Amino acid sequence: MRLSRYFLPVLKETPSEAQIASHRLMLRAGMIKQSSAGIYSWLPLGYKVLRRIEQIVHEEQQRAGHIPMLMPTLQSADLWRESGRYDAYGPEMLRIRDRQDRDLLYGPTNEEMITDIFRSHVSSYRDLPLTLYHIQWKFRDEIRPRFGVMRGREFLMKDGYNFDLTREDALHAYNRHLVSYLRSYERMGLQAIPMRAESGPIGGDDTHEFLVLAETGESEVFYDSEITDLKFGDRRIDYDSIEECQAVMEEFTSRYARTDDTHEESAFETQVPEERRRRARGIEVGQIFYFGTKYSQPMGATVVDPEGNRVPVHMGSHGIGVSRLLGAIIEANHDDNGIIWPEGVTPFHVGIVNLKQGDEAADLACDQIYNAVVEAGLEPLYHDGDDRAGAKFATMDLIGLPWRITVGPRGLKNGVVELTSRRTGESEELAPDQAVTKLAQIYAGKL
């Protein structure tokens with residue numbers, strides 16, 4: 001993409017309504033525009049990152065054997081009455097009526113609908129285990145939407161639902177989701193710590209939230225500092241192996257890590273040496289639940305077991321806040337000049353800056369580098385405007401592309417361009433083809 005043909009409405013001034021870094025930078029970088037309180041239009045740059053995150057989630061869910069689908073945003077109130085949640089959920093749920101005077105709701109989550117789909121089509125244990133998921137826009141009528149996409153009313157979420165014959169099978173699904181989430185977050189350049197949490201309106205006794213440590217987090221968290229040394233890395237896991245998934249679960253949840261809802265100070269002091277006790281704030285970016293037969297029992301989602309008995313299936317639900325993740329990534333990756341995207345989610349893989357637009361040699365070199373980057377399977381953003389060098393650099397720093405190639409007449413006379421890391425600020429002079437080759441090596445395995 002050439003910047004002269006792109007829609008990137010960057011702002012020089014910080015909007016007064018933005019209180020945290022991610023909100024400020026998303027507005028300034030032209031990623032979002034507020035439509036109404038807690039509801040945003042996603043402009044091209046923000047939309048590209050949103051799709052990068054969504055693609056990682058899809059890939060890791062399907063790697064774990066989970067099956068994608070799509071359910072509607074509007075749901076029948078009758079389904080929620082079956083489960084008993086329609087009146088219990090609270091004012092966060094937007095309730096509406098259609099012209100036939102039927103009660104509908106804009107879904108905040110989909111346990112009832114997926115249970116109805118399951119009971120309509122599955123009747124035998126031979127069809128289990130089964131995990132279905134989708135990535136869909138949700139709505140929760142927050143009383144005080146704030147912090148941009150971090151606490152909006154409309155948001156994009158991945159929610160998945162497992163159906164299993166026994167509690168043991170369902171807990172394996174729980175562990176399988178934990179593994180897939182750890183892989184997803186690390187691919188996005190995040191460390192998201194699984195912490196024991198409360199289930200809230202979803203229900204169930206077993207639940208973990210995944211939290212990214214950040215000063216702007218809405219949750220107070222308490223944890224053993226050893227947990228921040230854990231990395232999933234590129235290890236291979238057999239998702240069908242109960243033992244392997246259980247081992248990862250124990251590795252990442254055996255140390256004390258809890259949100260303020262479940263924190264017990266006496267247990268914290270007993271289980272964690274004083275020098276490793278940490279109190280901080282965290283941003284929730286996902287949660288996994290096991291809730292047994294909470295929905296299958298009242299809604300009649302049953303299967304015939306091997307002995308011929310009809311039994312309710314055991315279920316769990318598992319969510320990742322896709323749009324919320326974008327804000328969390330920025331909160332964890334920024335400086336005074338702007339965003340610093342991890343390579344796995346960057347909207348463009350490299351920015352190309354022409355220091356002297358109109359100079360024949362510089363224009364030709366930029367075009368050649370642009371084409372070479374595209375041929376390498378990467379997406380460049382070519383700043384081909386007439387702005388001064390300082391303004392071009394400021395824009396590139398603001399939007400946070402991980403790498404920049406700077407092309408100017410002086411360097412070209414020596415046969416080099418400058419490759420700069422946004423994260424470290426370090427630059428290296430390389431021949432143009434070597435700069436492209438190095439970029440391809442950096443991104444190998446990250447796309």
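Mentor: Let's begin with a definition: a patch is made of residues with over 30% relative accessible area and no salt bridge, where like charges are joined within 9 Å and nonpolar side chains (Val, Leu, Ile, Met, Phe, Trp, Tyr) within 5 Å. This is a predicted model, in which local features need pLDDT of at least 70, side-chain atom pairs count only at pLDDT 80 or more, and totals for chains, interfaces and linings use all residues. Residues are numbered from 1 along each chain as its sequence is written, and side-chain values use heavy atoms, with hydrogens and water left out.

Trainee: Which residues form a negative surface patch?

Mentor: Asp and Glu count as negative, while Lys and Arg count as positive. One member, Asp 261, sits in the loop between β12 (257-259) and α7 (265-271); helices (H or I, at least four residues) and strands (E, at least two) are DSSP runs, numbered from the N terminus. The patch is made by Glu 198, Glu 220, Asp 260 and Asp 261.

Trainee: How many salt bridges does a search of the whole structure find?

Mentor: A salt bridge is a side-chain nitrogen of Lys or Arg within 4 Å of a carboxyl oxygen of Asp or Glu. One network of them links Glu 59, Glu 60, Arg 63, Arg 183 and Arg 187. Searching the whole structure gives 32.

Trainee: Which residue forms a salt bridge with Asp 159?

Mentor: Buried means under 20% relative accessible area, exposed over 50%, and partly exposed in between (1.4 Å probe, protein chains only). Asp 159 counts as buried at 2% relative accessibility. In its salt bridge, the closest N and O atoms are 2.9 Å apart, and the partner is Lys 138. Asp 159 lies in strand β8 and its partner in strand β7 (residues 130-139), so parts 21 residues apart in sequence are tied together by Lys 138.

Trainee: What is the N to O distance in the salt bridge of Glu 111 and Arg 85?

Mentor: Glu 111 is buried at 1% relative accessibility, and Arg 85 is buried at 4%. Their side chains meet in a salt bridge with an N to O distance of 3.0 Å.

Trainee: Which side chain does Asn 162 join in a polar contact of 2.8 Å?

Mentor: A polar contact is a pair of N or O atoms within 3.5 Å; within protein, one must be able to donate a hydrogen and the other to accept it, and residues adjacent in sequence count only if both atoms are side-chain atoms. Asn 162 belongs to strand β8 (residues 154-164) and is buried, with a relative accessible area of 0%. Its side chain makes a polar contact of 2.7 Å with that of Asp 164. The 2.8 Å contact of Asn 162 is with the side chain of His 318.

Notes: Accessible areas come from the Shrake-Rupley method with a 1.4 Å probe; for residues, only the protein chains shown count as cover. The place of a charge is taken as NZ of Lys, CZ of Arg, CG of Asp or CD of Glu.
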